[in-house]
Amino acid sequence: MIKPVLQDDDFLEDVLRAREKLDRLHLWWLGQSGFLIQWQGRHLLLDPYLSDSLTHKYASTDKPHVRMTERVVAPERLDFIDVVTSSHNHTDHLDRDTLVPLMRTNPRLEVIIPEANREFVANRLEITGELPRGLKAGEGTTVAGFKIHAVPAAHNELETDQWGRHKFLGYVVEAGPVTLYHSGDTLRYEAMEDWLCRQPVDVALLPINGNRPERRVAGNLDGRGAATLAKDIGAGVVIPCHFEMFEFNTASPEEFVATAKALNQPHQVLRCGERWSMA
């Protein structure tokens with residue numbers, strides 16, 4: 001099993017040390033599509049999966065979710081989180097075993113979700129329906145200094161509810177002068193560039209595990225697609241995710257790196273638990 005670069009006490013100490021550099025945005029990959037963003041002492045979690053809930057759920061099935069990478073940190077130890085996102089309802093992006101401990105540890109935690117998923121989220125987390133802060137594509141909100149804007153995601157299609165609200169979202173986050181795009185799970189779709197080129201994207205966080213129907217799960221961008229999308233939207237740097245978590249649904253970052261190099265697209269491949277900082 002892959003061991004995170006930083007884990008448990010070492011990870012938490014690194015988060016604490018990073019706060020001394022207030023002129024930088026700090027980002028840690030937590031595995032799968034999970035990222036911790038730190039800006040001027042405030043903290044945003046993007047789609048964290050910090051449990052073994054899926055491994056337990058599918059242990060006795062024909063689709064076992066065998067972990068490849070150890071957990072970075074227990075969610076109940078993250079007692080400094082201001083806001084957390086869920087881009088859609090799949091468990092590795094809306095994990096009760098991660099979010100409930102986080103909410104207990106952070107009583108004022110704001111939870112950002114697709115408005116279309118409000119009832120589902122409230123039921124899974126056993127909270128009142130008024131608590132999550134729901135967004136529709138094109139809407140934005142500000143929490144703890146982070147400006148968060150919702151854009152559609154296609155996993156595998158642009159799926160909406162009966163009121164036309166998207167069930168799968170990506171989030172464009174402004175943290176001071178830095179703009180990040182966290183796509184959630186998505187394939188490329190028509191008009192995607194129109195949504196993403198409304199403002200410059202400094203950091204794009206994109207999945208690379210690909211779209212393979214034989215896995216019997218919804219698909220994502222592959223390495224070539226992620227690097228190409230980053231180039232087409234003019235991303236300052238692209239960081240891949242959604243790999244090396246489950247044995248049946250992963251991909252090597254080699255294709256991503258080769259494509260990014262061929263396109264002269266700045267990129268950074270992180271190891272789980274590793275920090276990346278931007279002035």
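**Figure 1. The largest nonpolar core.** Among the 78 residues of the largest nonpolar core, F11, L27, L78 and L180 touch the most other members. A nonpolar core is a set of buried Ala, Val, Leu, Ile, Met, Phe, Trp, Tyr and Cys residues joined through side-chain atoms within 4.5 Å. Buried means under 20% relative accessible area, exposed means over 50%, and partly exposed lies in between (1.4 Å probe, protein chains only). A second, separate core has 5 residues, including Y49, L54, Y58 and M245. In soluble globular proteins, nonpolar side chains tend to be buried together. The structure is a predicted model, in which local features need pLDDT of at least 70 and side-chain atom pairs count only at pLDDT 80 or more, while totals for chains, interfaces and linings use all residues. Residues are numbered from 1 along each chain as its sequence is written, and side-chain values use heavy atoms, with hydrogens and water left out.

**Figure 2. F11 and helix α1.** Helices (H or I, at least four residues) and strands (E, at least two) are DSSP runs, numbered from the N terminus. Helix α1 spans residues 9-18, and its buried residues are F11, L12, D14, V15 and A18. They lie on the same side of α1 because they cover an arc of only 155 degrees around the axis; the arc is that of the directions from the helix axis to the C-beta atoms. An α-helix has 3.6 residues a turn, so residues three or four places apart point the same way. The cover over the buried residues of α1 includes β1 (25-31), β2 (34-39), β3 (42-46) and β13 (275-278). Leaving aside neighbours within four places in sequence, F11 is in contact with L6, W28, L30, L36, V72, V73, L78 and G273, where contact means heavy atoms within 4.5 Å.

Figure 3. V5 is found in the segment before α1. With a relative accessible area of 35%, V5 is partly exposed. Although V5 and E274 are 269 residues apart along the chain, their C-alpha atoms are separated by 5.7 Å. Apart from its neighbours within four places in sequence, V5 is in contact with R271, C272, G273 and E274.

Figure 4. In α7 (residues 254-263), the buried residues are F256, T259 and A260. These residues are on the same side of α7 because their arc around the axis is only 100 degrees. E254, K261 and A262 are exposed on the other side of α7. Elements that cover the buried residues of α7 include α6 (223-232) and β12 (237-241). Just after α7, N264 takes a positive phi of about 55 degrees.

**Figure 5. The largest pocket.** The largest pocket has a volume of about 290 Å³. Its lining consists of 19 residues, of which H65, H90, T91, D92 and V217 lie nearest the centre of the pocket. By class, this lining has 6 nonpolar, 9 polar and 4 charged residues. Ala, Val, Leu, Ile, Met, Phe, Trp, Tyr, Cys and Pro count as nonpolar, Asp, Glu, Lys and Arg as charged, and the others, Gly among them, as polar. On a 1 Å grid over the protein atoms alone, a pocket is an open set of points where a 1.4 Å probe fits, with protein on both sides within 12 Å along at least five of seven lines; lining residues have an atom within 4 Å of a point. Grid points are joined across faces, edges and corners, and the volume is the space filled by probe spheres set on the points.

**Figure 6. Loop residue N117.** N117 is found in the loop between β5 (110-114) and α4 (118-125). This residue counts as buried because its relative accessible area is 3%. Beyond its neighbours within four places in sequence, N117 is in contact with H88, N89 and K167.

Figure 7. Most residues other than glycine have a negative phi, and most peptide bonds are trans. H155 and N156 are joined by a cis peptide bond, with omega about 0 degrees. N156 lies in the loop between β8 (146-152) and β9 (169-175). R216, in the loop between β11 and α6, has a positive phi near 65 degrees. R216 is partly exposed, at a relative accessible area of 47%. H242, in the loop between β12 and α7, also has a positive phi near 65 degrees. H242 is buried, with a relative accessible area of 2%.
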